Amino acid sequence: MMSDTKTAQTMTCEACKVNCQRFGKHRNGLSRFRCPNCKKTYTEAHSRVLDSMYISEEKAVLAIRLLVEGNSIRSTERITELDRNTIMSLLVKAGQRCQRLMDEKIHNLDVQDVEMDEIWGFVGKKEGHKMESERNNAGIGDAYCFVGMERNTKLVLAHHLGKRDAISTDIFVSKLANATSRQKYQLTSDGFKTYVKAVQIFLPGRVHFAQLVKVYGAPSDGEGRYSPAEVVDSVPEIITGNPVRSRICTSHIERQNLSIRMGMRRMTRLTNGFSKKWENLQAAYSLWFAYYNFCRVHKTLRVTPAMESGIADHIWTIAELIHP
């Protein structure tokens with residue numbers, strides 16, 4: 001029994017009913033005590049982080065903050081002095097909890113303007129570098145994250161990690177349909193053709209849908225391998241409904257893509273920080289979007305996107321994000 005939770009100077013032995021003596025610290029940093037009579041040891045009262053992890057909440061919060069601010073696993077390991085496997089386990093568990101939080105909080109919301117896009121990444125190796133024996137392994141190679149965001153509140157409504165194909169597009173648009181109400185809104189995407197059929201199936205009569213098709217110029221001589229081609233024109237195409245032409249735009253969601261690459265070390269180009277497992281990348285995305293929605297103050301809004309959308313009344317801490 002503890003005499004004073006968390007700040008206890010001593011504990012009482014349950015068997016002998018005498019005060020215990022300090023006996024070092026547990027591996028998670030909590031104080032331990034030992035009975036001078038029966039030699040039984042006790043650890044001060046605490047709750048485990050994410051239900052099963054022994055690390056202290058302070059270190060867990062610090063590790064997550066470092067990860068969502070663009071640090072790599074190994075730099076986080078050096079700063080927090082936590083083992084890299086512990087950090088990866090923390091990332092996966094936190095990502096799973098954040099995904100459940102997003103599903104619970106972002107549902108049937110009234111929106112006005114939604115933009116959607118997909119951001120490229122890869123797991124293990126790029127698609128073109130896969131060996132013949134890896135061709136049918138969907139957990140290796142290109143990994144596209146489909147993202148839908150409300151342009152006024154900057155709230156990320158839905159995301160899905162998959163391949164750039166019709167199946168993944170259908171799953172993503174179905175998630176977007178679940179996140180938004182039946183109040184009609186304007187929806188804009190890039191020129192990816194599979195969006196058209198997915199919107200017809202999952203959002204019939206619910207959106208004014210348009211695509212902004214970009215026209216790229218030919219690469220100039222001597223241009224670097226990773227330099228993007230120049231956009232010479234953007235052509236708006238109305239697909240369904242009556243979208244307002246001045247609001248046919250994907251700039252906000254493309255800016256979100258930049259935030260992802262700046263805030264997720266595994267999405268930084270031309271580095272060795274890329275994901276080696278599909279579930280790690282999936283967890284990292286879930287953690288990032290929950291952090292972006294509930295914890296990170298948007299500079300133009302001066303509040304978090306969740307507060308601007310009315311689904312939160314204060315700026316969440318990371319500790320709130322990972323607690324049930």
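Here is a friendly conversation about a predicted model of one protein chain.

Trainee: What should I know about numbering and confidence before we start?
Mentor: Residues are numbered from 1 along each chain as its sequence is written, and side-chain values use heavy atoms, with hydrogens and water left out. Because the model is predicted, local features need pLDDT of at least 70 and side-chain atom pairs count only at pLDDT 80 or more, while totals for chains, interfaces and linings use all residues.

Trainee: How many helices and strands does the chain have?
Mentor: Helices (H or I, at least four residues) and strands (E, at least two) are DSSP runs, numbered from the N terminus. The C-alpha trace spans about 80 × 45 × 35 Å along its principal axes. Within that span, the secondary structure comes to nine helices and nine strands.

Trainee: What share of the residues counts as buried?
Mentor: Buried means under 20% relative accessible area, exposed over 50%, and partly exposed in between (1.4 Å probe, protein chains only). The chain has 324 residues, and the buried share is 47%.

Trainee: What span does helix 3 reach from its first C-alpha to its last?
Mentor: Helix 3 covers residues 84-105, which makes 22 residues.

Trainee: Which elements do the buried residues of helix 3 pack against?
Mentor: Buried positions in helix 3 include I87, L90, L91, A94 and C98. Residues three or four places apart on an α-helix point the same way, because there are 3.6 residues a turn. Taking contact as heavy atoms within 4.5 Å, the buried residues of helix 3 pack against helix 1 (57-68), helix 2 (73-80), strand 6 (156-162), helix 7 (278-294) and helix 9 (318-322).

Trainee: Which residue has a side-chain oxygen reaching the backbone nitrogen of N85?
Mentor: This contact sits at the start of helix 3. The oxygen comes to within 2.9 Å of that nitrogen, and it belongs to D83.

Trainee: Which residues are linked with E127 in a network of salt bridges?
Mentor: E127 is partly exposed at 28% relative accessibility, whereas K130 is buried at 4%. Their closest N and O atoms are 3.2 Å apart. The residues networked with E127 are K130 and K163.

Trainee: How many residues apart are K214 and E254?
Mentor: Their side chains meet in a salt bridge (2.3 Å, N to O). K214 is in strand 8 (residues 207-216) and E254 in helix 6 (residues 251-263), so this pair links distant parts of the chain, 40 residues apart.

Trainee: What accessible area does the nonpolar patch of V215, V232 and V235 have together?
Mentor: Such a patch takes residues with over 30% relative accessible area and no salt bridge, joining nonpolar side chains (Val, Leu, Ile, Met, Phe, Trp, Tyr) within 5 Å and like charges within 9 Å. V235, in strand 9 (residues 231-240), is partly exposed at 32%. By the Shrake-Rupley method with a 1.4 Å probe, where only the protein chains shown count as cover for residues, the patch has about 210 Å².

Terms used. A salt bridge is a side-chain nitrogen of Lys or Arg within 4 Å of a carboxyl oxygen of Asp or Glu. The expected span of a helix is 1.5 Å times one less than its number of residues. A polar contact is a pair of N or O atoms within 3.5 Å; within protein, one must be able to donate a hydrogen and the other to accept it, and residues adjacent in sequence count only if both atoms are side-chain atoms.
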